[in-house]
Every structure is written in structure tokens, then in C-alpha cells.
Amino acid sequence: MSLSSTQPSLNVEAIVEETERRGDAIEIRSNRSKKRSVVWNHFEDVGDLKVVCKHCGSTLSKLKGSGTSHLRRHIFNTCERITNDERARMLATPGDDWFDPSTFKFDPVLTRGLHTLLFIDAEIPFSAIESRFWEPAMRSMRPEYRAVGHQTVREDCVAVFKAGCDLALAELEELDSRVSFTSDIWTSSASLGYLCLTAHWIDKGFNLQKRIIAFKKIPYPHTGQAIANLVGKIWTDWKLDGKIFAITLDNSSANDNAVKYLEIKLSNRMPFGASHMHMRCSAHILNLIVQEGMKIIPSALKNIRELMRHIASSGSRLQVLNTILSEMNLSPKKGLTLDCPTRWNSTYVMIKEALALKEALMRYLDASSMNGPTVEEWKDAEDMAGFLEPFLDATKTFSNVRRPSSHTYIKEIWAIRRLLLDEDSQKSPILRKLALKMQLKFDKYWKDPNVILTMATFFDPRYKFIFLAFCFKKAYGDGYEARLEHIRGLVNEFYEIYESSTRADRVSNVGSPQVGKKVCGKQKLDEEFAQFKSENVDFNSTMSELEKYMQEKLVDTDEENFDILQFWKKNSGLYPTLAEMARDFLAVQASSVASESAFSAAGRLTDHLRTSMSSETIEALVCAKDWFGPNDEVFDLNKYLPLIKRS
């Protein structure tokens, strides 16, 4: 009997039409210009009016006004990677009934749970629920509603956090790959230090996952020993000691010392040792390199910064500038971009805006009888802005936490190296000086690139070792072969460790029934054939997976949106050991931005109105909000039901 015959038939067309007729009640978005349908959770926008199915990789059109019916039909009917069981679960979403006016029944537990999620996500002060207008506003929609006190709201938020911890812990315990981390330290307005630790891994479906697993107060002084003790305790609490692959930190001496302590602790728990676990934050290194170059034109930066701050600090001055812009038929400004001098990219954005407003700003200076940047300083700023644009692109690549970045590390830093050495791009004396200072800082950190991130390039089927040979030869000349052989040797060493582990898992799983899952004879046959096929790609060949992968032609694509995880998902049967390695190497983060991004939320949570909030509550709110996912994600009630039910 075929597998499909054992499943109930699904009337996809009727379901699609009924969902559209009802207006997709479950698909709630506050911003109507954003994608509202839950079907978008199954597709990735790749530009050019195209979307790609996250399950099978099929490309479909995305024409404005064409609706999502064709996307629904693909997910609920034609996608070969989705089983009937999975389709049944997707179609039987309880949220449809809860939000359908014709079947709605008030559920105070659900309402209270959703209010808790709202308080966490919108960072609403707990005291808001005790406003004299809160309960009347809620009861105007549902008379049965009764509000709780602010202390109960706090307890509910902590309960959601604890429920999320239980779910995340269970997920990580079942994880069959290793986990990489990012970490950073933040100081609150009350001068209290907090350490943020974020876990990154690639799941069985080859999806990159991210969770802030801790946001804990760290005792002062923030020494390497203190950092190592706290990070080590968090790893132990989360039962991750045996699954650690790498950790990305900024370039402070305390972090360097912390890694030394952690390497000693983990040396016997990692099959390939702990000596390669430390990644230096590439975004932080880029900041140091560019800041060094900006020292060449301090007067230009200072005068542009002072001019922008002078105008932005007064509504009347901004109005004068807007009057000038109106006379020039340009759009008025609601405000001007001001920089944080320690963040080069914010300075870059400020300079770009000043250059775009250059003529209006010069008219403003003339009308106000003020001194400002000279003609030469404007020219220096213009030259520098054009030169630094590739650095901004690299920073964005390293800072993207939704897509793997480790395999792009060599390409990004070698592009910067080429720019710094390219005399054709240094058209003025000021740029030549700037490039020279930046090259010295570049060599300090990247003359010898990080080994693990260099190895990650090998798992990009567009590059493999060939791209490394190309880059090394340009950088090191005739001596490049020794460096390349060193990387080849490390890849081989890691492969042998992974291969022996994979082989042991296969042996232990032979004849093991799947507990709690009914598997028919045909499905068992398919699974056994997939394993046989992965072990016997070329029946007469004695080559290893590694050798076969290296002999395969490079993937010929220039697509910026090339999905490397989809490649390894599709080829995991062909290269099971390499796919396992790819999951670990591609989960490594090139920067620590994932942890730094939590500091903005923490800063808002600990403002002058909420300075008495305990560190435990702060951790609960920061972590729980991160677990909700990005703000542009379509709301799906079923994603949050486990948190509400458990809490």
C-alpha cells in the first residue's frame, strides 16, 4: 500500500478558497503594507519578483496584486518535500477557529497569555495595565475581560521565559550538531554589567537558528576569569559542554584571557580540541581599521559633525534649513543624522547625508554668517565616503544573523585587502595616506586569517579550495602553497573525526525502530536506500566523500542570494559527513552583532523609569523577546501557544 493511500485526502482548493473568503483572519499584521499571509513563512523573497520555497527550493512568481493562492497550492499540494502528515498539521491550525468571528469563543487564558506576549514584545511597563483606561478599553471589546495587577504581569512574563527555556533546552538536547556562540558585555545606566550569550546552530532542516540563552549580571571587575566562569556556568546549566564548536567575541584583552580559561576547561571535551574555538569579531575589527583611517581627516569630520549637530539641536535652525531645501525643490528633513564617534558606520552615514545636503548646508552657513567645512574638507570627506563604501557592505554581511556569514569571510576581507593595495582606487594624496594607515591595522588582525572561518570557505560549492588558492597566491606569492596545504590538512583532520562519528551513528542505528512513529515497509525501504545511496554514490569507486566533493565541478552561479544551506540540505544524502560538518562550520558567526543587538532592548528596559527592575526580570524580558523572532515575521498564533500553555 502506498504511503499516500493511508492518509486522508486533502481538498486543497476548497481550503484555499475558504481561507481567502474569510480574509485570512489568523494572519494578523499591524502594518498593512507588510506580507500578512502565513504562507510567506514557507517562502524566501529572492528579488526580481521571485520567491523560493524553503522546503524544496522551487522558484515561484511574486507579482504585485496576484495574491498568494498559487503559493498556497504549492505548499498544500505540490511541494514534494512536505509530507501529508505535515500538511494535515498545517491545515488544522486551531488559530483559525479562535480568530474567526463566526466561531469565536472568549478564552481568558489565551487573552492573558497574549497580553503577556504583548508586554514583552512591545516593552510596555508593567504598570500600564493599572492605567484607569486599560480595563475599560479591553472590556469595550469583551465585557468578560478582567485585568490583573502589574506584579502578576511581571510573574507571567517570567513564566513565559521559563517555559521558553524548557522548550529551548529540550530542542538543544535533541540537537545532533554542534553549537556556536556570540557574546558581549553591556553596562546599564545604573553602571551594572550584563553578559549576553547567544547560541547559533543549524537544525536538521538546515535552518540557521539563533537564541539568546542568557543575559546575566556579571560582577565587576570584568576580568577574563569572571567572564569564563559565567560563560562556563551557562554552558553547564544548558547542558552544552559537549556540543560547543566556537565562540565569537570582540577584541578586548579580558575576552582573550577568558578564552584561555575556557580552552583549558574544554580541551578534553571537544574531539578536535579547543584551540580553534575563538573567533574575533570581524565587525569590530572593521571598525578599528576604519577608525584608524579616519584619523587622517580629523578637521573635516569635526567640522561636518559640529555643523550637523548645530542644526539638529534646534527646531528653528532645522526650519531654516528646510526653507532652503524648499527653495531648491528638495524634500524637507524631519531631523538630521548624527553619529556615534566610536561607530564608524554611523559616521559614514552622517557624512553621506551631509554630502547629499552640501549645497543647502553651504547656503545655511552663508545665511547664518557661520564658518563651516572648507572646500578642501568637503573634498576630503567626499573622497573618503566613496572609498569606505565597500567597508559598509562587508559590515552588513558580517552582521547578518539570519543567513550564514562564515563562508563569506575570506571573500570579504580579501576584497578589502585588494582595495587597500589598489593604487587606482586611491585617487588623491589623502586617500593614499588613509589606505596606508588602514593597511597597517588590517595586517595586525588579518594578515593571518582565522583558521575556522577560512575552512568555512571550503563548504561553499562555488569556491572550495580553488578560491582559497586564488586568494592566497595573490596575498602570499610563491609561499601560498604551504598555507593552502595547512588548511587542506585541517579539513582532512576534521573530516576524519566527523566521518568516524557518523559511521558509529550509522552502526548504532541499524535495526533501531523509530519509537512512537509508524513506518510502513515502503518508507523503510526508501530510508534504507537513501543510506545505501549515500554510501555508494559511485559503486565502483573507493573515493571518500571528501574526495568526491573536491572533484565535483564548482557550482556556477553569481547569485548574491545563493542559499548555501539549501545546497547542503539537497546534497546531505550524497555527502552525509560533509553536510554534518557544514552545519557546524556555517553556524559560526563572523561577528558578535547578534549579542550586541540585545543591548538596545536592555537599555530601554532599564531606563530612568524602571531602574528598580531586577536582573532576573531583565533577563526574562530580553531573552523572551529574542525568542519571538524578527519583527517582520508574520504572526502565527500556533508558534506561541506552547509558551502560553506551559506558562
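How many nonpolar, polar and charged residues are in the lining of the largest cavity?

**Ground rules.** I'm looking at a predicted model, where local features need pLDDT of at least 70, side-chain atom pairs count only at pLDDT 80 or more, and totals for chains, interfaces and linings use all residues. Residues are numbered from 1 along each chain as its sequence is written, and side-chain values use heavy atoms, with hydrogens and water left out.

**Cavity.** I searched on a 1 Å grid over the protein atoms alone, taking a cavity as a set of points where a 1.4 Å probe fits but cannot get out. Points are joined across faces, edges and corners, and the volume is the space filled by probe spheres set on them. I got one cavity of 30 Å³ or more. The largest cavity comes to about 50 Å³. For its lining I took residues with an atom within 4 Å of a point, and noted Phe-245, Met-270, Phe-272, Gly-273, His-276, Met-277, Ile-452 and Phe-494. Back to my opening question: the lining has six nonpolar residues, two polar and no charged ones. Gly counts as polar in this scheme, while Met, Phe and Ile count as nonpolar.

**Cysteines.** I then looked for disulfides, meaning pairs of cysteine sulfur atoms within 2.5 Å. The whole structure has zero. Cys-53 is in none, and the nearest cysteine sulfur, on Cys-56, is 3.7 Å away. Is Cys-53 buried or exposed? I call a residue buried under 20% relative accessible area, exposed over 50% and partly exposed in between, using a 1.4 Å probe on protein chains only. Cys-53 is at 0%, so I put it down as buried. Cys-157 is buried as well, at 1%.

**Strands.** My strands are DSSP runs (E, at least two residues), numbered from the N terminus, and two of them pair if DSSP finds at least two bridges between them. I traced an open five-stranded sheet in the order β6-β5-β4-β7-β8, with mixed pairing. β6 (208-217) and β8 (278-280) are the edges; each has a single partner strand, so one side of each has no neighbour in the sheet. From one strand to the next the twist averages 25°, with axes fitted to C-alpha atoms and angles running from 0 to 180 degrees between N-to-C directions.

Inside that order, β4 (residues 179-187) and β5 (residues 193-202) run antiparallel, joined by eight bridges. Thr-187 sits opposite Gly-193 in β5.

**Hairpin.** Next I checked β1 (residues 43-47) and β2 (residues 50-53), an antiparallel pair with four bridges. Asp-45 faces Val-51 in β2. Two residues lie between the strands of this hairpin, and Asp-48 in the turn has a positive phi of about 55°.

Technical notes:
1 Å grid on protein atoms, 1.4 Å probe; cavity = no way out; pocket = protein on both sides within 12 Å on 5 of 7 lines; lining within 4 Å.
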